[in-house]
Amino acid sequence: MADLVIEGLRAEIDGKEILKGIDLEVSKGEVHAVMGPNGSGKSTLSYVLMGHPAYEVTAGSVTFKGVDLLELEPDERSRLGMFLAFQYPHAVPGVTVSSFLRQAINAHRKGGPDGADNPISAKEFGNKFRAALEMLEVDKSLSSRYLNDGFSGGEKKRLEILQMAMLEPELAILDETDSGLDIDALKIVSQGVNTLAGPELGVLVITHYQRILNYIRPDHVHILMDGRIVRSGGPELALELEQSGYAGVAPQQEV
Amino acid sequence: MAPETAQVDIGEYKYGFSSPETPIFKTRAGLDEDVVREISAHKNEPQWMLDFRLKAYATFRRKPMPTWGGDLSGIDFESIFYYLKPTEENARSWDDVPDDIKNTFDRLGIPEAEKKYLAGVGAQYESEVIYHSLQKDLEDKGVIFLDTDQALHKHEDLFREHWATIIPPTDNTFAALNSAVWSGGSFIYVPPGVKVELPLQAYFRINAQNMGQFERTLIIVDEGAYVHYVEGCTAPTYSSDSLHSAVVEIVVKKGGRCRYTTIQNWSNNVYNLVTKRAVAYQDATMEWVDGNLGSKLTMKYPAVILKEPGAHGEVLSIAFAGEGQHQDAGAKITHMAPNTTSVITSKSISRGGGRASYRGLLRVNPGAKGAKSKVVCDALILDEHSRSDTYPYINIGENEVDIGHEATVSKIGEEQLFYLRSRGLSEAEASAMIVAGFVEPITKELPLEYAVEMNRLIQLQMEGSVG
């Protein structure tokens, strides 16, 4: 069985149905891309998977590693190994990046199998943090800046991937990580994701444009339109989309 | 989905424990002239102090209760004990402090802090200071750090020169009450040019039920001298109310600097009604760093009178109002002379139906040309049951001034919380992180140990706050 199994997922916000029955499976070691035009439900899918409280799941199921994900709080999902790189990361003034990362890591290490807290040592944290900064070509002065406060769009996106590197998830959802990135930043961020990708990580890239898929090569591509996955295929589907547009790749609608 | 079980918020107050009461001497419940005489007689005071107390008592009886600020109608002045002496002596060594009292201060971490990072410690239990210390080298330099009762006996002239000159008993109802029944507190004198590098700390503990604690602090910082004084306070949680009503007067002479830091963490049954005021002379600096986390109702507005040119006053305050709490806190600055400057930074947080108010008065007298002041008040409201108010009074009698005022009110956003929770932080941890960030401009001004303590207290306040 795949690690993440989504079946017949329907979700709404403020009484408006956005996801109208999604089926999708992602396993560790795989890279999936979900592509869709504006308003197709891409961000809703990533929010629902992470447990955003504003969305209500009305039907279907989602399991991750055999656990019913829909019964879990967002923080429990994170500690189970899920990660969402936000399209619009939020600022937390007064909290430094390093202090935030340390607390987030410690939250993951808390209540392990033996129930004991196991905070990360300063040395281990320092080493890990330095490696992540280097990988994403981020200046170390970032560590003492306040979380996303006054960050440029590119800095925010790099920090999202840096957090992913630090938290070592088993399933990472990248929600339009390419938006707002220039080509150089996109390369660096993509290389970061590629470095982290491997047999222990499943990746779900959610994107409007094919561009990021030149750098993060998906094994599977799914086209999301109007809350449903209308086509799935291999990497070639992304190229087809690039040429024909969403209207071109979508199956003929019944009249 | 199964219905969620509502969590009962017990406030997570860590210092609510109490010890058996074993007073050496205790006045009867309630207050009259005889009780005032009894306190004075028990302390062997000079006649002038008894006269001062009696006059203040008459003033207290004459003055009406304030009708602004918080609800004071729950205070039953007749059920309060105004004086309780817990031990025979003010010890110079913790070994001489009776066990149950020493245990209390051990649990509060005072002897340990003293060893690590303090230049001197005073520990008040009920009405009296039961332990006092000051590093030998500071004593040799002429620094005086005593409890106020001892100072009256040992340094009567210096004491009398400054006593009640900044806050007379007629100032307000609670200043009058304190003046009538005061006991304990700290007396500090720093001679010209002496800089006390490590903080001096006083800790105020109420243990008995229905207790009134009325300490009185007087700090004199002489020319070019510096001191950082820190006070902390806690009390057991009782179903009946206690009253803490202190008066703090500070004189900062030419070129001197005084920083006064409070980490107030009373239990939720304590009325905390305190008058604090400093006078800063030429080029002197007075800084109040005021953290108010506990109590049922706090009314406290640390004041600085900038009396001579070049004086600078600063008030940094944090107020955290949780369930059943009202923090009515703020600042008062009076610019009396040219080229005086001031900054007020106030951060308030309310949650669980708590109410936090900022009440500030900024006054610039005619002739205080070139006065500069900046007031920033930020409020953070954590849920829809809680409340925040701002009452900024500004009274400018001079044209050539530069005054700035900013106020913001914000709520913890669902999106911000979701972002942090998606990284593995529980709702309480995420909220505490947002709050800690919000107050960071103030905690960064605290010595590391106190910043850690402040963040820990905020964390405790946040725990159990979400169901």
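Two strands pair if DSSP finds at least two bridges between them; strands (E, at least two residues) and helices (H or I, at least four residues) are DSSP runs, numbered from the N terminus. The model is predicted: local features need pLDDT of at least 70, side-chain atom pairs count only at pLDDT 80 or more, and totals for chains, interfaces and linings use all residues. Residues are numbered from 1 along each chain as its sequence is written, and chains are lettered from A and ligands numbered from 1 in the order in which they are written.

**Exercise 1.** Describe the packing of helix H3 of chain A against helix H5 of chain A.

*Solution.* Step 1: the axes of H3(A) (residues 97–109) and H5(A) (residues 153–167) are 10 Å apart, at an angle of about 35°. Axes are lines fitted to C-alpha atoms, for helices over the stretch in contact, and angles run from 0 to 180 degrees between N-to-C directions. Step 2: from H3(A), Val97(A), Leu101(A), Ala104(A), Ile105(A) and His108(A) meet Leu159(A), Gln163(A), Met166(A) and Leu167(A) of H5(A); contact requires C-beta atoms, placed from the backbone, within 7 Å. Step 3: this contact comprises seven nonpolar, two polar and no charged residues. Ala, Val, Leu, Ile, Met, Phe, Trp, Tyr, Cys and Pro count as nonpolar, Asp, Glu, Lys and Arg as charged, and the others, Gly among them, as polar.

**Exercise 2.** Characterise chain B and the side of chain B that touches chain A.

*Solution.* Step 1: chain B contains 11 helices and 24 strands. Step 2: the C-alpha trace of chain B spans about 70 × 60 × 45 Å along its principal axes. Step 3: in chain B, 82% of the contacts with a separation of 6 or more involve residues 24 or more positions apart. Step 4: 19 residues of chain B are in contact with 23 residues of chain A. Step 5: helix H9 (414–421) and helix H10 (427–443) of chain B are the elements that give two or more residues to this side of chain B. Step 6: the residues of that side divide into eight nonpolar, five polar and six charged.

Conventions
Two residues are in contact if their C-beta atoms, placed from the backbone, lie within 7 Å.
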